[in-house]
Amino acid sequence: MTVEEKGVMRPSRTLDCIGLYCPEPVFRTREEISSVAVGEVLEILADDPASESDIRSWAKHAGHELVSTERVDGGFRFLVRRLA
Amino acid sequence: MMERDEMTKKILYVQTSGPDTPERLYAPFVLASTARAMGIDATVYFLAKGILGAVKGVPETIKMGSFPSLKVVMDQAAKAGVQMMVCTQSAQLWGKKAQPDEFEDGTKIVGAATLNDLALEYDAVLTF
């Protein structure tokens with residue numbers, strides 16, 4: 001269950017895409033989003049520099065909300081809320 | 001990334017030609033710079049062999065006829081506000097690091113989802 005307390009979003013699941021390159025992070029995110037309930041948030045960790053732009057594009061067309069993109073050690077942390 | 005007006009027209013130039021055909025490398029940048037002068041948003045996407053022309057240090061080595069080097073033309077395009085994107089899978093296809101420091105300054109590493117998105121969003125797509 002996604003919990004939001006004091007402005008900190010806690011995802012209900014985490015998908016580790018470290019070491020994976022395009023288009024794998026998008027493929028795996030597409031599969032994994034169905035494992036969280038509508039309204040809940042999936043966390044994706046990726047270090048492919050293309051993922052910054054690709055996850056945003058995927059979310060836009062797949063109909064989900066990219067809540068945040070954060071730069072972390074050598075990569076990115078995405079939070080995506082399932083909308084449908 | 002610069003602010004984009006929803007009403008502004010956009011053209012995507014897909015560069016698939018590499019340094020082995022230098023005569024094919026100038027047109028996307030000349031057209032994209034001209035598009036910017038016309039108030040049109042322009043993006044050059046380096047795909048497949050096209051990424052080899054964006055590898056750091058390569059554009060300086062490409063020169064055709066009375067044209068300046070490709071580096072000069074690329075820098076003019078960047079200065080005009082042309083966005084440049086490099087396909088991460090294509091970089092790997094050619095054994096390059098899919099990292100920004102492998103490619104010319106101002107290029108952004110992106111992937112397949114981004115190209116599909118741009119093709120749908122832009123008003124025209126030209127492939128070289």
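Author: The model is predicted. The secondary structure of chain B consists of 4 helices and 5 strands, and from the N terminus on the elements run β-α-β-α-β-α-β-α-β.

Reader: What makes the size of chain B agree with that of a compact globule?

Author: A compact globule of 128 residues would have a radius of gyration near 14 Å, and chain B has 14 Å, so the two agree. Along the principal axes, the C-alpha trace of chain B spans about 40 × 35 × 20 Å. Of its 128 residues, 40% count as buried. Among contacts in chain B with a separation of 6 or more, 72% come from residues 24 or more positions apart.

Reader: How is the confidence in chain B expressed?

Author: Chain B averages a pLDDT of 94, and 96% of its residues score at least 70. For the model, the scores are ipTM 0.83 and pTM 0.88.

Reader: Why is B:Ala78 called partly exposed?

Author: A residue is buried if 20 or more other C-beta atoms lie within 10 Å of its own, and exposed if 12 or fewer do. B:Ala78 has 19 C-beta neighbours inside 10 Å, and therefore counts as partly exposed.

Reader: Where does B:Ala78 lie, and which residues does B:Ala78 touch?

Author: B:Ala78 belongs to helix H2 (residues 70-79) of chain B. Not counting residues up to four places away in sequence, B:Ala78 touches B:Met84 and B:Gly106. The C-alpha atoms of B:Ala78 and B:Ser33 are separated by 8.1 Å, although these residues are 45 residues apart along the chain.

Reader: What makes chain A as compact as a globular protein of its length?

Author: Chain A has 2 helices and 6 strands, in the pattern β-β-β-α-β-α-β-β when read along the sequence. The globule rule gives 12 Å for 84 residues and the radius of gyration of chain A is 12 Å, so chain A is as compact as a globular protein of that length. Its C-alpha atoms fill a box of roughly 30 × 25 × 20 Å, taken along the principal axes. Of the 84 residues of chain A, 36% count as buried.

Reader: Which residues of helix H1 of chain A are buried?

Author: In H1 (residues 24-32) of chain A, the residues A:Pro25, A:Val26 and A:Thr29 are buried. They cover an arc of only 95° around the axis, which means that they lie on the same side of H1(A).

Reader: What covers the buried residues of H1(A)?

Author: The cover includes strand S3 (13-17), strand S4 (41-46), H2 and strand S6 (75-81) of chain A, together with helix H4 (112-121) of chain B.

Reader: How many residues of chain A are in contact with chain B?

Author: The contact joins 13 residues of chain A to 13 residues of chain B. On the side of chain A that touches chain B, helix H2 (residues 51-62) of chain A gives the most, with 6 residues. By class, that side has 7 nonpolar, 3 polar and 3 charged residues.

Reader: Which residues touch the most other members of the largest nonpolar core?

Author: The largest nonpolar core has 50 residues, and those touching the most other members are A:Ile44, B:Ala32, B:Val44, B:Tyr45, B:Phe46, B:Val86 and B:Cys87. Leaving aside neighbours within four places in sequence, B:Phe46 is in contact with residues including B:Gln15, B:Ile51, B:Met85, B:Val86 and B:Cys87. In soluble globular proteins, nonpolar side chains tend to be buried together.

Note on methods. Residues numbered from 1 in each chain as written. Chains lettered and ligands numbered in written order. Predicted model: local features only at pLDDT ≥ 70, side-chain atom pairs only at ≥ 80, totals over all residues. Contact = placed C-beta atoms within 7 Å. Nonpolar A, V, L, I, M, F, W, Y, C, P; charged D, E, K, R; others polar. pLDDT = per-residue confidence, 0-100. Arc of directions from axis to C-beta. Core = buried A, V, L, I, M, F, W, Y, C linked by C-beta atoms within 7 Å. Rg over C-alpha atoms; globule rule 2.2 N^0.38 Å.
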